[in-house]
Amino acid sequence: MTKFLLPVIMVAFLLSCGPAVDEKLQLGHWHAQMEVMDGKTLPLDMKVSQVDSGAYHIEFHNSDERFEVDELEFNGDTITIRMPVFEGYIQGVFDNHSIKGHFIKESLDRHVHFQADFGKIPRFRVSELPAVNVSGVWEMAFSENTEEAYVAQGVFAQKDEIVTGTIRTPTGDYRYLEGVVEGDSLKLSTFDGAHVFLFLGKIKKGRLDGTFYSGNHFKEPFTAKRNDAFELPDEESLTYLKEGYERLEFSFPDTNGKMVSLTDPYFTNKVTIVQLMGTWCPNCLDESTFLANYVKEHPEQDIKVVALAFEYAKTEEKAFKGIQRLRERLNIDYPILLAQFGTEDKKMAHEKLPMLNHVISYPTTIFIDKIGDVRKIQTGFNGPATGAKYEAYTENFGRYVSSLLAE
């Protein structure tokens with residue numbers, strides 16, 4: 001009798017060591033943290049839910065943004081959470097109330113420590129009431145007095161200690177930021193599925209001094225001062241055709257391996273929009289979403305859109321896989337061509353498009369008229385997080401396309 005029961009008891013013991021099928025993850029709000037540099041941690045909010053099929057979904061929160069992850073894989077006590085478009089994923093060990101692991105981007109060999117615990121707590125805990133209100137427009141400078149220096153525009157709104165907003169740069173925006181003012185300290189964070197951004201600063205006599213952390217691989221100093229009149233350089237003046245050129249020329253493969261160029265009949269006598277982008281780029285995702293929706297909502301407009309993807313995926317196969325994933329997720333029906341893989345380096349991108357003075361941003365959007373001449377080049381994209389700037393961009397986009405169609 002003893003010999004018969006022993007294997008049964010051992011099997012039961014082994015099964016009890018793993019998470020119960022109905023207790024994989026607690027449903028509701030979770031608080032997560034990622035480690036950056038200097039011993040700092042970036043907090044973020046997430047919510048776990050279960051759909052009718054029984055599958056788990058995770059919703060990440062950044063201010064007004066909600067992005068949902070529906071690809072969760074369970075293997076024993078290991079969970080893998082794959083981002084909806086981007087290459088990155090979270091992988092770690094879990095029980096029903098905690099996850100401990102890393103946010104991983106394989107192509108860049110980056111691993112950021114990740115931990116999440118069940119329960120709803122403030123994104124940033126504060127122990128001191130705010131001594132200042134940061135609402136308004138800030139003129140910002142990053143990496144001053146270096147070759148990497150650039151200016152930016154911070155636009156923030158504060159209610160009590162809670163701060164929301166974004167930071168715009170000449171090449172795009174840092175999307176939805178959320179945080180607090182604690183005493184004289186400003187703390188902002190975001191996780192968009194691709195980037196881990198943390199901004200920490202001190203405000204004294206109207207001046208903000210701080211550090212910007214990107215994951216655990218990069219940091220840079222910034223300063224800021226209030227300036228409601230401050231504007232960034234004109235985004236239509238930064239990238240242009242070199243003297244002697246009037247047209248854009250390229251020939252890159254689509255997802256079927258077919259070489260595509262602007263001389264193809266598909267583009268003949270058509271107003272064409274060319275987007276320089278990457279599937280790894282959140283600002284590009286914002287613009288791709290806008291372009292895909294615009295084409296669907298304006299079937300009466302005879303325009304063509306084509307995207308040129310500059311990918312850091314290490315192989316051509318992985319690069320095309322990322323492109324196809326983006327097309328399926330956003331329901332994109334215009335062609336996305338692979339212009340470069342193995343690196344997103346902008347100098348190499350410029351070599352592929354030597355008629356441009358330079359490539360300084362993903363995305364960059366090129367407007368071409370019916371006879372094939374380049375009429376305008378827009379550097380960067382004002383995404384939904386920029387509020388009024390995004391609304392103005394969408395209105396101007398529609399008017400400009402209509403003017404090209406009317407010629």
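These legends accompany close-up views of a predicted model.

**View 1. Domain layout of the chain.** The chain splits into three parts: domain 1 covers 28-118, domain 2 covers 136-226 and domain 3 covers 251-406. Between the centres of domain 1 and domain 3, taken over C-alpha atoms, lie 30 Å.

**View 2. Contact surface of domain 1 and domain 3.** On the domain 1 side, 12 residues make contact, and they meet 12 residues of domain 3. Together the two domains bury about 1,000 Å². Carbon and sulfur atoms give 50% of that area. Three residues stand out on domain 1: Val-85, Phe-86 and Ser-107. They supply 55% of the area that domain 1 buries against domain 3, more than any other three residues.

**View 3. Charged and polar pairs across the interface of domain 1 and domain 3.** The interface holds 4 salt bridges. Polar contact links 8 residue pairs across it, with both residues at pLDDT 80 or more.

**View 4. The salt bridge of Asp-70 and Arg-329.** Asp-70 pairs with Arg-329 in a salt bridge. Their closest N and O atoms are 2.7 Å apart. Asp-70 falls within the bounds of domain 1, 28-118, and Arg-329 within those of domain 3, 251-406.

**View 5. Cys-281 and Cys-284.** Cys-281 has 4% relative accessibility. Cys-284 has 1%. Both count as buried, because the cut-off is under 20% relative accessible area. A search of the whole structure finds 0 disulfides. A disulfide is a covalent bond joining the sulfur atoms of two cysteines.

Terms used
Residues numbered from 1 in each chain as written. Predicted model: local features only at pLDDT ≥ 70, side-chain atom pairs only at ≥ 80, totals over all residues. Heavy atoms only, no water. Domains from an automatic or database assignment. Contact = heavy atoms within 4.5 Å. Buried area = accessible area lost by both parts, 1.4 Å probe. Salt bridge = Lys/Arg side-chain N within 4 Å of Asp/Glu carboxyl O. Polar contact = N/O pair within 3.5 Å; in protein donor to acceptor, adjacent residues only side chain to side chain. Disulfide = S-S within 2.5 Å. Buried < 20%, exposed > 50% of the residue type's maximum accessible area, 1.4 Å probe, protein only.
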